[in-house]
Amino acid sequence: MISFLLSLVALIAGYLLYGRFVERIFGPDDRVTPAVAKADGVDFVVLPSWKIFMIQFLNIAGTGPIFGAIMGAMYGPAAYLWIVLGCIFAGSVHDYFSGMLSMRHDGANQPEIIGRYLGNATKQTMLVFTVFLLMMVGAVFVFSPAKILGDMWEPAYIVDNFGQYVFWIIIIFIYYIIATMLPIDKIIGKVYPLFAFSLLFMAAALTIVLFIKWPSIPEVWEGLSVEALTPKNIFPCLFITIACGAISGFHATQSPLMARCLKSEHMGRPIFYGAMITEGVVALIWATVAMYFFYNDPTPGYQLIEGGQNAVKDAPSIVNLICNDWLGLFGGVLALLGVVAAPITSGDTALRSARLIIADFVKLEQKSIRSRMYICIPMFSAVIALLIWQMSDKEGFGKLWSWFGWSNQTLSVFMLWAITVYLVRLKKQYVITLIPAIFMTIVCTTFLLSEQIFSLDLSMSWMIAAVTCVVSVVWFCLWYRKETTKK
């Protein structure tokens with residue numbers, strides 16, 4: 001628990017100190033923001049800062065800092081280090097600049113920002129890559145809550161005639177269509193703060209129980225001596241498993257949504273950097289809860305909670321068991337909100353982002369419902385097709401989730417490189433994003449080679465990743481020399 005306390009203090013200090021440092025590098029000013037200059041009553045809408053924070057937090061969080069932290073805790077206390085260091089020096093910086101650059105470029109979406117600084121070819125590639133990633137998010141976050149709700153109840157007639165989970169999938173899709181089509185302040189602006197509060201309240205309640213129990217769990221200084229509960233290699237898998245709570249490329253697709261609702265650039269640090277630190281705190285709490293469940297000495301939590309031994313590697317089941325055991329009936333309701341409402345809200349904002357990215361690419365205004373329908377109909381058709389494939393393949397969900405994890409972190413790589421180029425051109429301290437960009441390049445390359453496609457030996461994957469890293473650094477140095485010698 002000492003590691004938990006030190007990590008918690010580090011995250012708070014990171015916001016107060018490093019967050020302020022990052023803000024000074026960017027230099028927010030009093031210019032008119034896109035929310036005011038381009039107000040359309042649909043996507044560009046000025047909202048109160050507290051509401052924007054809650055929406056941003058829920059947009060980037062979902063179940064990511066819960067499930068990812070639980071699965072990451074299987075690697076032992078190293079999860080603490082990645083959550084703290086990743087969140088302060090990579091994820092929060094990534095989210096802050098993603099949002100602020102969007103504001104500086106009239107509410108631009110992530111592919112447009114990347115294209116502006118990494119070239120048009122990269123922009124076109126990332127546009128397709130990003131839209132497909134967002135549709136994967138929509139498909140993944142339809143099936144998981146539909147499965148949970150379907151296991152609780154669904155109409156027998158629909159199950160017998162159309163199949164299991166179909167009823168809840170239809171219900172969730174109807175909500176997706178409504179939330180994606182309507183102005184951002186109609187549903188998202190009203191419902192999301194409530195869900196965000198539920199997630200934060202659940203995390204706070206679990207923290208109180210942790211302090212009461214004060215479990216004997218592994219500390220960071222015990223290092224790799226703690227036996228991991230997963231056969232996967234800690235590098236690179238830990239850094240893909242814990243994305244939300246450390247760094248996640250998906251966030252760069254969500255920050256522009258709120259960048260279009262801020263009335264002042266000075267609100268950027270508490271909204272973008274602050275929401276990511278808050279997500280890191282939630283991930284830290286759930287990682288500690290999972291440490292109790294996996295490693296508590298002398299008796300692990302899964303042996304103390306009824307049904308725990310059957311849920312050691314099932315994150316949603318662990319959430320339900322812990323919340324019901326520690327928080328009672330009220331905890332069960334919160335757990336249901338966490339594992340059902342949170343992924344649904346992540347899915348609808350993902351599809352909203354996809355709509356806006358496509359609209360920007362084809363230059364189709366989005367003020368009229370008809371224009372929104374032109375994009376939503378084919379987009380939702382593609383998500384349904386992806387969902388049907390996922391359900392028809394017994395390993396479909398696992399495959400889709402694995403590719404989502406890699407794609408998510410790869411997206412952060414491109415965004416970090418784009419921010420680095422931006423900082424170089426403005427003659428600012430670019431090292432703050434260069435180092436995370438290099439590190440995540442190595443992580444994603446190693447994971448792709450060793451886990452996703454070729455199943456290469458880890459040492460061979462490291463060698464190829466190292467070569468990729470060297471090529472990236474050499475490319476950057478050559479570009480930097482050319483850029484800084486321009487007249």
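Guide: A helix here is a DSSP run of H or I with at least four residues. The model is predicted.

Visitor: What makes residues 2-26 count as helix α1, where serine 7 is found?

Guide: The run α1 has 25 residues. A helix needs at least four residues, so α1 qualifies. Serine 7 is found in α1.

Visitor: Why is serine 7 called buried?

Guide: Serine 7 has 7% relative accessibility. Buried means under 20%, so serine 7 counts as buried. Other buried residues of α1 include Phe4, Leu11 and Tyr18.

Visitor: How does the reach of α1 compare with the expected span?

Guide: From first C-alpha to last, α1 reaches 35 Å. That is close to the 36 Å expected at 1.5 Å a residue.

Visitor: Where is the kink in α1 centred?

Guide: The kink is centred on glycine 14 and is about 35°. Just after α1, glycine 27 has a positive phi of about 80°.

Visitor: Why is lysine 38 called partly exposed?

Guide: Its relative accessibility is 39%. Lysine 38 sits in the loop between α2 and α3.

Visitor: How far apart are lysine 38 and aspartate 106?

Guide: They are 68 residues apart in sequence, and 7.9 Å apart from C-alpha to C-alpha. Lysine 38 is in contact with Asp106, and also with Phe44.

Definitions and conventions. Residues are numbered from 1 along each chain as its sequence is written. This is a predicted model: local features need pLDDT of at least 70, side-chain atom pairs count only at pLDDT 80 or more; totals for chains, interfaces and linings use all residues. Side-chain values use heavy atoms; hydrogens and water are left out. Helices (H or I, at least four residues) and strands (E, at least two) are DSSP runs, numbered from the N terminus. Buried means under 20% relative accessible area, exposed over 50%, partly exposed in between (1.4 Å probe, protein chains only). Contact means heavy atoms within 4.5 Å. The expected span of a helix is 1.5 Å times one less than its number of residues. The bend at a residue is the angle between axes fitted to the seven residues ending there and the seven starting there. Lists of a residue's contacts leave out its neighbours within four places in sequence.
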